[in-house]
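This briefing is intended for reading alongside the sequence and the coordinates. Please keep both in view while going through the points below.

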Amino acid sequence: MMDQIKHFFIALKQIVKGSRGYYIWIGILGFFMLLGWSTYVIQLKRGLIVTAMRDQVSWGFYLSNFTFLVGVAAAAVLLVIPAYIYNFKPIKEIVLFSEMLAIAAIFMCIMFIMVDLGRPDRVWHLFPFFGTMNFPSSLLAWDVLVLNGYLVLNIAVVFYVMYRIAHNMEYSMAVVKPLVILSIPWAISIHTVTAFLYNGLPARSFWNASILAPRFLASAFCSGPALMIIIFQVLRKISDLEIEDSAISKIAELIAYAMGFNLFLFGAEMFKEFYSGTAQLAPFQYLYFGLHGYHGLVPWLWTALIFNLIAFFLFLSPRARNNVVTLNMACVLVIIGVYIEKGMGLVVPGFIPGTLGEIYEYFPTHSEIFVSLGVWATGALLYTLMLKVAIPIYTGRLRFARGAATVGESAAIRGSVTSAEL
Amino acid sequence: MKEPKISPPREHKVARRSFLKGAALGSVALALPSRDADASIWDAFFQKHFREMNDKELKKVLKRLEQEYAEKYGVDIDISANKPLSGVLFGYGLDLSRCIGCRRCVYACVGENNQSRDPQIQWITVLRFKKGDKWVNDLENADKYYNPDKVPEEGYFYMPTQCQQCENPPCVSACPTQATWKEDDGIIVVDYNWCIGCRYCMAACPYGARHFNWTGPGIPKDEINTKTHYLGNRPRYHGIVEKCTFCIQRTRNTPGRYPACVEICPVGARKFGNMLDPKSEIRYCIENKRIFRLKEDLNTYPKFFYFFAT
Ligand code: SF4
Ligand code: SF4
């Protein structure tokens, strides 16, 4: 017991103490969290009327962000596959950090669902045993289960490995490997179930296309790893974490394939809709050309398409993806492209035109944007704090060994101990 | 085409769960500070799902709700919770050749069912189409905001829509909390105290029939209809979904009574009755008119039948 308390304070100290850059970063996140959560209090008081959602478009920016983040969380698996199945060592070393990203992403997903609920006070109605979960009929019930399961799974792996390292113990692959292998189909399932959430609604022809789930996966495998490439580069700059170029290059290569597949599926869908030209074309027309004089999303969707195309070619070329500038450019383009396409470009056109043929142009209000920024900042803070403890453990600077905690003394698992501070 | 099948009442697999929940919630309740907390707040928070309450619990809840409404609106509201009558399956008919698009039904419904006036919520939507335009499966040319001096207008026709009380309701299978369900007399209802406001049912409904309380409803005190049903027209809360219930407070509490929209229609375009009664008007219409239902390709089997009398 005493040990636990001691360890808690060691971890706390690790979080509280940091460089100036660290404090500035926390300050920025704190500002956006404050902004977001104070806006949310107003939303709680006045109701969702402070958003631009209405009966015609009853889901909007919150669900868009949710959808994008499920993709980010699922994409951690893309790194797990080469790491554990093909034993590609450079990635294996960093896969823990992408699993932590998955944890943070799932937390953000849950927060986005919470801020979207009309009655967050009643959320327990949705839980198994406490409430009356509509399982297996409702896909939302499935989503609650698989998302939370994925969260638990990732927390288990990360916590176990970190705990063992922190106590100078070898972690056993016999424990880790089955969990990690399980997390592969699980990651695919969280994204598939989220796709089915939209997919299973015959009332909305835009979502009711069987290509939806495959496209979801393909685009997630672009944006998630792209985000990780950027994060990894930042981490190795500001901490003593070593990440090999070959790992980053490998991930970039994988993105190229995923993007190629994504674009192919996109083309297949476009061909079917535009060539057959049935009434189901309307949402696509709204997205790419505008419908009955409404074209709020048109510039966004073209931006997304162009960004995705450019990024595809950049990732495809070995020279471009091995060059820091073009690589990062491609990553940013992919993230923005998929964020638009999978967020607003997916959720909103499901409602346009509405089931009674109405067109209501949706665009998020300030409140929605502030609250969403707050959620993102909260997630980023969570990830930062996780890394702040995990990186020194990983590099050997932080140990909780045998009651007597020592910092920077124990045998470092990964060689050199530097004085660099995160 | 298959006939709409009348599904057996959903079984309530709740005994075990109720127990677990009771135990769990009980321990939570014990852990919470209760000294100065208003007991009714906790009662409201832990209120059970409508279908999981026994008669005694239901009575207690109704009393508390009546009190809450009295405090909030300053009028005495009477909440009934009558169960479906056996041998009843409600059906609705709409004679498109008669409808003149006057929207009297819309406003009668608003008044009867305590819909919010500000912001406006209306359960009935009357769509206007230009003669010759697409209208059966593709509603893109529908106009719901038409506003002429006089109806009917030359060159146009009208199609009112509202909840179609689907026999196979996509809204019900979508709801993650079972806050909305089909009653044995065929009416799809919402427990306004159980709905979490996720709006998944709104995405699932093919008929734009569900409406959300984006903020607290605004109803002038003297316009409140005080004769209400728990599953029907009692005032709603912010953050939850509502919809047409075939005026459950009328049609269930006083068998044989019409919904408000049927009563008000000046041209008699609206028909209503028990489909299981071979002598009912709605049965006559179904058997003798050329009926169709909206978006039949979705297999929702609405109990809302459109037809042309002439
Ligand atoms: S019309 Fe919509 S709300 Fe009514 S039962 Fe059918 S799906 Fe549900
Ligand atoms: S909004 Fe309410 S009734 Fe509709 S699906 Fe969600 S919980 Fe169920």
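B:Q178 is found in the loop between α5 and β5 (180-182) of chain B; helices (H or I, at least four residues) and strands (E, at least two) are DSSP runs, numbered from the N terminus. The model is predicted, so that local features need pLDDT of at least 70 and side-chain atom pairs count only at pLDDT 80 or more, while totals for chains, interfaces and linings use all residues; side-chain values use heavy atoms, with hydrogens and water left out. Residues are numbered from 1 along each chain as its sequence is written, and chains are lettered from A and ligands numbered from 1 in the order in which they are written.

**Backbone features**

- B:Q178 has a positive phi of about 60° although it is not a glycine.
- B:V151 and B:P152 are joined by a cis peptide bond with omega of about -10°; B:P152 sits in the loop between β3 (125-130) and β4 (156-161) of chain B.
- In chain A, a cis peptide bond with omega of about 5° joins A:F135 and A:P136, and A:P136 belongs to the loop between α5 (95-116) and α6 (139-166).

**Chain B as a whole**

- Chain B contains 9 helices and 11 strands, and 55% of its 310 residues count as buried.
- Among contacts (heavy atoms within 4.5 Å) in chain B between residues at least 6 apart in sequence, 68% join residues at least 24 apart.

**Surroundings of ligand 1**

- Ligand 1 is surrounded by 14 residues, the closest being B:C163, B:Q164, B:C166, B:C171 and B:C205; a residue counts as near if one of its heavy atoms lies within 4 Å.
- This shell divides into 10 nonpolar, 2 polar and 2 charged residues, where Ala, Val, Leu, Ile, Met, Phe, Trp, Tyr, Cys and Pro count as nonpolar, Asp, Glu, Lys and Arg as charged, and the others, Gly among them, as polar.

Conventions
Buried means under 20% relative accessible area, exposed over 50%, partly exposed in between (1.4 Å probe, protein chains only).
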